[in-house]
Amino acid sequence: MLSHSFLGHEIEGTWLDGRPAGEIGLAHAHLKGTRRPMVIPTGDDCACAEMRSGIPQ
């Protein structure tokens, strides 16, 4: 988790449907719930791995 998204060290992890979810996964779930597309997510190798594993399209 990035400090700019959540408060410092108070949150040690987040899960969505029983799977670890990072900032991109949480944003995607929110957008999917509002029927809006995720257009250009960016990030490092960990962000890319999260996108590949949780956002098939």
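This is a predicted model: local features need pLDDT of at least 70, side-chain atom pairs count only at pLDDT 80 or more; totals for chains, interfaces and linings use all residues.

Residues are numbered from 1 along each chain as its sequence is written, and side-chain values use heavy atoms, with hydrogens and water left out.

**The chain**
- The chain has two helices and two strands, which follow the pattern β-β-α-α along the sequence; helices (H or I, at least four residues) and strands (E, at least two) are DSSP runs, numbered from the N terminus.
- Of its 57 residues, 16% count as buried, where buried means under 20% relative accessible area, exposed over 50% and partly exposed in between (1.4 Å probe, protein chains only).

**Helix H1**
- Helix H1 covers residues 23-33, and Ile24, Gly25 and His28 are buried in it.
- Seen down the helix axis, these buried residues fall within an arc of 95°, so they line one face of H1; the arc is that of the directions from the axis to the C-beta atoms.
- The buried residues of H1 pack against strand E1 (15-16) and helix H2 (45-54), with contact meaning heavy atoms within 4.5 Å.
- On the other side of H1, His30 and Gly33 are exposed.
- After H1 comes Arg35, which has a positive phi, near 60°.

**Thr14**
- Thr14 sits in the segment before E1, and it counts as buried because its relative accessibility is 17%.
- A polar atom of the Thr14 side chain lies 2.3 Å from the backbone oxygen of Ala21.

Terms used
A polar contact is a pair of N or O atoms within 3.5 Å; within protein, one must be able to donate a hydrogen and the other to accept it, and residues adjacent in sequence count only if both atoms are side-chain atoms.
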